[in-house]
Amino acid sequence: MVNYDLRLNRTFAALVDPTRRAILARLEREDGKSVSELAKPFAIKLPAVMKHLDVLDDAGLITRSKVGRTVTVHLSPQPMFAALDWLRRYERFWSASLDRLTAYAERKEAETKKAGR
Amino acid sequence: MTSLTLVRRIAARPSTVFDALTTPEGIACWWGPDDGPVLLAETDVRVGGRFRVRFRTLDGLEHESSGAYLEIVRPTRLAMSWRWENGEDPGESLVEIDLRIIAEGTELTFTHSRLHDEDTRRSHEEGWNGALDKLARHFIQVADRRPS
């Protein structure tokens, strides 16, 4: 459970930065870009982009592979699934609760009406 | 993606729904993700007052959630802070419930936001929900194609 929280924290922390999200969005469209291609649209320098890639790598959101001098970057969506599963737990909790709340309130309303007659 | 909104249409007056949301006997009848029992429900329905609910799920595990009432406008609006005991999910989140009168009774809009602690709160301030939603949608599609 603790490890699970740490992983989720790392996922959300990685996703909080707009540059890192832009990198992921780009990879979602065109997977397997080289680091220099990825860095091109950004106003920041290559070492700064490398730092962002390190954060994404630590969070397990990307993998890097090296062929010759070129490092290519691949999207790795597994931590996203975990984050979505986590959110779906809340959805299940509240969805079931609100269904029962609805049934309970409707029963109460019917009782009140009956008593009023 | 770190907030959740659900809507229900209920054949009961807003005041009936509001009481179901805030009275211990009401809460005992609906709170929880499955048909496991509510073991304890306490509410102190005034701004700054606290609620505490303990329940058991059908897998035998006990869970407890608690928080403070932040806004109370009977019978149309309720806002409260939310946290899990026992560190199930660290940090405090926000639950907001709006009740609107409609012909058939009440339309309830439920929102649970600021999920996942500081990271999420920061991210809300930065307003990145739209961008992430788009990304998340892609992953949901991929996830739905996964063999389960």
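Two residues are in contact here if their C-beta atoms, placed from the backbone, lie within 7 Å. The model is predicted: local features need pLDDT of at least 70, side-chain atom pairs count only at pLDDT 80 or more, and totals for chains, interfaces and linings use all residues. Residues are numbered from 1 along each chain as its sequence is written, and chains are lettered from A in the order in which they are written.

Chain A holds five helices and three strands, where helices (H or I, at least four residues) and strands (E, at least two) are DSSP runs numbered from the N terminus. Their order along the sequence is α-α-β-α-α-β-β-α. The C-alpha trace spans about 85 × 30 × 20 Å along its principal axes.

Helix H5 of chain A covers residues 78-116.

Helix H2 (residues 18-29) and helix H4 (residues 46-58) of chain A pack at an angle of about 75°, with their axes 10 Å apart; axes are lines fitted to C-alpha atoms over the stretch in contact, and angles run from 0 to 180 degrees between N-to-C directions. H2(A) is therefore roughly perpendicular to H4(A), a term for angles of 65 to 115 degrees. In this contact, Thr19(A), Arg20(A) and Ile23(A) of H2(A) meet His52(A), Val55(A) and Leu56(A) of H4(A).

Methods: The expected span of a helix is 1.5 Å times one less than its number of residues. Angles under 35 degrees count as roughly parallel, over 145 as roughly antiparallel, 65 to 115 as roughly perpendicular and the rest as oblique.
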